[in-house]
Amino acid sequence: MSFQPSSEFLLEAFLSNPSEAIVGFGLDGAIFLWNQAAQALYGFSQPEIIGKSVSCLLPLYELPAHENLLQEPSRVASLSDAVAERLNRSGLRVSVRIQRSPVRD
């Protein structure tokens with residue numbers, strides 16, 4: 001029998017690096033996870049952004065790919081590591097390295 005860490009353990013390990021911005025969103029696109037590094041990078045506080053659509057962080061040209069991702073989440077594996085642009089609070093583009101990791105329970 002192999003050891004399987006709990007979802008809580010994996011999430012805690014995932015959030016343990018304070019220098020990485022973590023943005024978690026559901027299949028409806030609503031943000032449910034936002035850490036301090038995300039706040040520093042994007043300029044939105046956690047109360048301001050939780051429940052909003054992650055599309056508010058995307059440039060217009062990224063929206064079709066984002067909609068496809070929400071409709072076909074199994075495609076995450078092919079998009080797991082990339083450089084992309086995102087928008088901060090003032091609308092300026094920020095270059096970020098994206099690592100997508102599906103969380104299922």
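Predicted model: local features only at pLDDT ≥ 70, side-chain atom pairs only at ≥ 80, totals over all residues.
## A hairpin to start with

Let us begin at the hairpin of β3 and β4, which has five residues between its strands and in which G91 takes a positive phi near 90 degrees. Strand β3 covers residues 81–87 and runs antiparallel to β4, with seven bridges joining the two. Two strands are said to pair here if DSSP finds at least two bridges between them. The strands (E, at least two residues) and helices (H or I, at least four residues) are DSSP runs, numbered from the N terminus.

A second hairpin is made by β1 and β2, again with five residues between the strands. In its turn, G29 has a positive phi of about 90 degrees. Strand β1 (residues 23–25) is antiparallel to β2, and three bridges join them. Here F25 has I31 as its bridge partner in β2.

Residues are numbered from 1 along each chain as its sequence is written, and side-chain values use heavy atoms, leaving out hydrogens and water.

The pLDDT, which is the predictor's confidence in each residue on a scale from 0 to 100, averages 83 over the protein chain, and 77% of the residues score at least 70. Where is confidence lowest, and where is it highest? The lowest mean, 61, belongs to helix α1 (residues 7–15), and the highest, 96, to helix α3 (residues 46–49). Residues 1–5 stay under 50 in pLDDT, and the model gives them one contact beyond four places in sequence. A contact means heavy atoms within 4.5 Å.

## The overall layout

The protein chain has four helices and four strands. Read from the N terminus, the order is α-β-β-α-α-α-β-β. Among contacts between residues at least 6 apart in sequence, 32% join residues at least 24 apart.

Of the 105 residues in the chain, 27% count as buried. Buried means under 20% relative accessible area, exposed means over 50%, and partly exposed lies in between (1.4 Å probe, protein chains only). The accessible surface comes to about 7300 Å², and carbon and sulfur atoms account for 56% of this surface. These areas come from the Shrake-Rupley method with a 1.4 Å probe.

## The nonpolar core

Which residues make up the largest nonpolar core? There are twelve: I31, W34, A38, Y42, F44, I49, V54, L57, A84, V94, V96 and I98. The largest share, three residues, is supplied by β4. A nonpolar core is a set of buried Ala, Val, Leu, Ile, Met, Phe, Trp, Tyr and Cys residues joined through side-chain atoms within 4.5 Å. In soluble globular proteins, nonpolar side chains tend to be buried together.

The structure holds one aromatic pair. The ring centres of W34 and Y42 are 5.5 Å apart and their planes stand at 40 degrees, so the pair is tilted. Rings of Phe, Tyr and Trp (its six-membered ring) pair if their centres lie within 6.5 Å; planes under 30 degrees apart count as stacked, over 60 as edge-to-face and the rest as tilted. Both partners are buried: W34 has a relative accessible area of 4%, and Y42 has 6%.

E62 sits in the loop between α3 and α4 and is buried, because its relative accessible area is 16%. Leaving out residues up to four places away in sequence, E62 touches A84, E85 and R86. E62 and A84 are 22 residues apart in sequence, with their C-alpha atoms 9.0 Å apart. A84, under that neighbour rule, touches E62, V94, S95, V96 and I98.

S53 also has its place in the loop between α3 and α4. Is S53 buried or partly exposed? At 31% relative accessibility, S53 is partly exposed. Beyond its neighbours within four places in sequence, S53 contacts G29, A30 and I31. From S53 to G29 is 24 residues in sequence and 5.2 Å in space, C-alpha to C-alpha.

H66 belongs to helix α4 (residues 63–71). With 7% relative accessibility, H66 counts as buried. Its contacts, apart from neighbours within four places in sequence, are F25, V54, S55 and L58.
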